[in-house]
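Here are my notes on the model you passed along. Have it open beside you as you read, and take the points in any order you like.

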There are 2 protein chains.
Amino acid sequence: MNLHVRVFTIGALAKATGVTTPTIRYYEEIGLLPPAPRTAGGQRTYDDDDLGRLTFIKQCRDFGFGIDQVRVLLDLSISSRRDCVETRDIAQAHLDEVRQKLNELRLLERRLESFVTRCNVACAGGPGQDCVIFKDMAASAKGGCCGQ
Amino acid sequence: MNLHVRVFTIGALAKATGVTTPTIRYYEEIGLLPPAPRTAGGQRTYDDDDLGRLTFIKQCRDFGFGIDQVRVLLDLSISSRRDCVETRDIAQAHLDEVRQKLNELRLLERRLESFVTRCNVACAGGPGQDCVIFKDMAASAKGGCCGQ
DNA sequence: CGTACTCCTTCAAGTAACTTTAGGTTCAAG
DNA sequence: CTTGAACCTAAAGTTACTTGAAGGAGTACG
């Protein structure tokens, strides 16, 4: 039935997936994508399988999975067993990492917030001559800004 | 008065600041720290000024400022003007970045959460034979797992 | 004074995941 | 057939360090 096999250039594939052309070549280089067949002139050609595979990779990367994790997920997606439990474990581990990073960033947000607030309160009128933020930062972990 | 100038080896400075010795050498190499005076045998020596400077750098890095931002902050800390407004602007810009990253991560957390939940619901009994997560991921941005 | 041990030295390469640059080739349109 | 966009390779750049190899310096003990 499907006599029409769509063929893409690397640029068309890039547009279709949102992955840049150098990145596509890079993925081929590191083995995430199979070596693409070439035209007589040496340019890469892709088909719908490649489109699916690269879309999958892009999704995984957007989820924040590392390249090595994507490799595992790709293998799972191709093997006949399609082990969902293993997939879930990888996702769960990643979720744990994301949550830890979230906590770190929330703490950082609060610290920066109070830092900026203190700057504004103490220096609302312009550059302060007696700003001691630097002394504070070189001395303690509290941070500080603009006199006292 | 202060005839006792404390002198540190690179290892002592590392312990005092929580920055590793290779990192201290790296900071010297990229100009964040001035070239350290050497002993007759060629080993680096540090004093309290270096301790203060490196502590400041460490604080900034813990705040998530990039090396180039730290460079600016260091310059500000040394110049006589100590422009607090400029300092605050740098911190504010950084805070904006942190908040954007937080939003991205929060979204990612929700997506991963629902991903894992769907895996668990559909595959509680063990590996699923009909897991279609991979089809889903190669086709749409929604993600999905384990048969419908 | 010798030896053992830790700490120090330089230089080079490795890490993650691409991006950028340089210099040249192919393809499709007019 | 010419033009210009899109393609090619290979290598270096990015961030902020970390790791490794091979060897020298400093100190405590006997």
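**Notes on the model**

1. A word before anything else: this is a predicted model. I begin with the surface near DNA strand D, whose residues divide into five nonpolar, 12 polar and three charged. Two or more residues each come from helix 1 (10-17) and helix 2 (21-29) of chain A, and from helix 2 (21-29) of chain B. Helix 2 of chain B gives the largest share, three residues.

2. Now please turn to the other strand. DNA strand C is surrounded by 21 residues, of which the closest are A:Gly41, A:Gly66, A:Ile67, B:Gly11 and B:Arg44. Here the residues of the nearby surface divide into five nonpolar, 12 polar and four charged. At least two residues each are supplied by helix 2 and helix 4 (67-78) of chain A, and by helix 1 (10-17) and helix 2 of chain B. The largest share, three residues, belongs to helix 2 of chain A.

3. For orientation along chain A, an unreviewed UniProt entry carries the annotation "domain: HTH merR-type" for residues 7-76. In the model, that stretch of chain A is 60% helix and 0% strand. Its end C-alpha atoms are 26 Å apart.

4. Staying with helix 3 of chain A, you will find several buried side chains to look at: A:Asp50, A:Arg53, A:Leu54, A:Thr55, A:Phe56, A:Ile57, A:Gln59 and A:Cys60 are buried. The charged residues A:Asp50 and A:Arg53 are thus listed along with A:Leu54 and A:Phe56. After the helix comes A:Gly64, with a positive phi near 90 degrees.

5. Lastly, have a look at A:Ile30, which sits in the loop between helix 2 and helix 3 of chain A. Is A:Ile30 buried or exposed? A:Ile30 counts as exposed because 9 other C-beta atoms lie within 10 Å, and the cut-off for exposed is 12 or fewer. A:Ile30 and A:Val70 are 40 residues apart along the chain, while their C-alpha atoms are separated by 12 Å.

Terms used
Residues numbered from 1 in each chain as written. Chains lettered and ligands numbered in written order. Predicted model: local features only at pLDDT ≥ 70, side-chain atom pairs only at ≥ 80, totals over all residues. UniProt positions renumbered as here; feature names shortened; annotations may be inferred. Helix = DSSP H or I, 4+ residues; strand = E, 2+ residues; numbered from the N terminus. Buried ≥ 20, exposed ≤ 12 C-beta atoms within 10 Å, placed from the backbone. Near = placed C-beta within 6 Å.
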